[in-house]
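Dear colleague,

Here is the structure I promised to hand over to you. Please open it beside this message, and then read on for what was found in it.

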Amino acid sequence: MTLPDLPEAFYWTQSSCGLVLKCRPLDTVARHVFTTRELQLPSPGAWEKVSEALGVRRVATLNQVHGNTVVPIRRDMAPPVEVCSGDALVSDDPDVAVAVRAADCVPLLLADPKTGAVAAVHAGWRGTAASAAVAGVETLTRECGANPDDLVAAIGPSIGACCYEVGSELVDAFAAAGHPRHLIDRWFLAPPAGRGNRNGPTLRLDVAGANRDQLILAGLREENVFMCGLCTAMHLDVLTSYRAEKERSGRLAGVIAPLATSPTR
Ligand SMILES: [Zn+2]
């Protein structure tokens, strides 16, 4: 199998949860992986394999609801008894990795080199309209004392603007959520020539690019935000896509944990 080409900042590697995608600049500040279709999600034992790959005691996940609620997991805090709902997790506990699941939505990982705290964010169009990535940055800042200026971000595989045709009602939803027109115009691209009509999809959404812009607006440095640039629907041998595979699609996970020798420890 020929693996898809990646930008310089990303690489493929084998792990105990199969083939994974990693981000070089994130390697120095956190333990992390973006899983591929080699790890079947959901499947029995999948999270144990992920725990092993990262060297953590447990992997925290959420009941994802396409919103912007962030659940913080603090060191020395008892683990929540019930499964929480939300779309982003923050951890400063080196024993706990945080994970989000996606099949076309954006899995996004954040790490703070100074405090060692990390975050995982799930953002499809609804989460992006609700600025879930910004909520993740704000929680890292408020709960863990991170400074957005220091944060390193990796944006994993998601449906690309090449394959994400959407209707104008999404533009209305982004406008209603308060996003300025110049950003909406940047995130929603015109259809290719000859495509789109009054009844069908007329626009394409660059959901990864929108999240990148939101991170920069939230105070991250442009040079600290890394996008893998892979479209889930165009690499079905390695990735998985709900748009392309419908009910047969699996899930990819973005998982991150503080370094074992985290500065907060
Ligand atoms: Zn595509």
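The lining of the largest pocket draws at least two residues from each of strand E7 (96-102), helix H3 (125-129) and helix H8 (242-245). Please keep in mind, as you look, that this is a predicted model. The volume of the largest pocket is about 420 Å³, and among the 18 residues that line it, those closest to its centre are His-66, Ala-103, Asp-104, Cys-105 and Tyr-242.

Next, please turn to the zinc ion, whose protein donors are the SG atoms of Cys-162, Cys-163 and Cys-231, at 2.2 to 2.3 Å from the ion. Along the sequence, these donor residues follow the spacing C-C-x67-C. Distant parts of the chain are linked here, since Cys-162 belongs to the loop between strand E10 (152-155) and strand E11 (165-166), while Cys-231, 69 residues apart from it, belongs to the loop between strand E14 (225-227) and helix H8.

In helix H2, which covers residues 46-54, the buried residues are Ala-46, Val-50, Ser-51 and Leu-54. Seen down the axis of H2, these buried residues fall within an arc of 140°, and so they line one face of the helix. They pack against strand E3 (30-35), strand E4 (58-60), strand E7 and strand E15 (252-258), while Glu-48 and Glu-52, on the other side of H2, are exposed. Just after H2 comes Gly-55, which takes a positive phi of about 75°.

In helix H5, which covers residues 168-176, Leu-170, Val-171 and Phe-174 are buried. Why do they lie on the same side of H5? They do so because they cover an arc of only 105° around the axis. On the other side of H5 you will find Glu-169 and Ala-176, which are exposed. The buried residues of H5 pack against helix H3, strand E11, helix H6 (181-187), strand E12 (188-189) and strand E13 (203-205). Just after H5, Gly-178 has a positive phi of about 100°.

With best wishes

Note on methods:
Residues are numbered from 1 along each chain as its sequence is written. This is a predicted model: local features need pLDDT of at least 70, side-chain atom pairs count only at pLDDT 80 or more; totals for chains, interfaces and linings use all residues. Side-chain values use heavy atoms; hydrogens and water are left out. Donors are N, O and S atoms within 2.8 Å of the metal (3.2 Å for Na, K and Ca); water is not among the atoms, so sites may look incomplete. Helices (H or I, at least four residues) and strands (E, at least two) are DSSP runs, numbered from the N terminus. Buried means under 20% relative accessible area, exposed over 50%, partly exposed in between (1.4 Å probe, protein chains only). The arc is that of the directions from the helix axis to the C-beta atoms. Contact means heavy atoms within 4.5 Å. On a 1 Å grid over the protein atoms alone, a cavity is a set of points where a 1.4 Å probe fits but cannot get out, and a pocket is an open set with protein on both sides within 12 Å along at least five of seven lines; lining residues have an atom within 4 Å of a point. Grid points are joined across faces, edges and corners, and a volume is the space filled by probe spheres set on the points.
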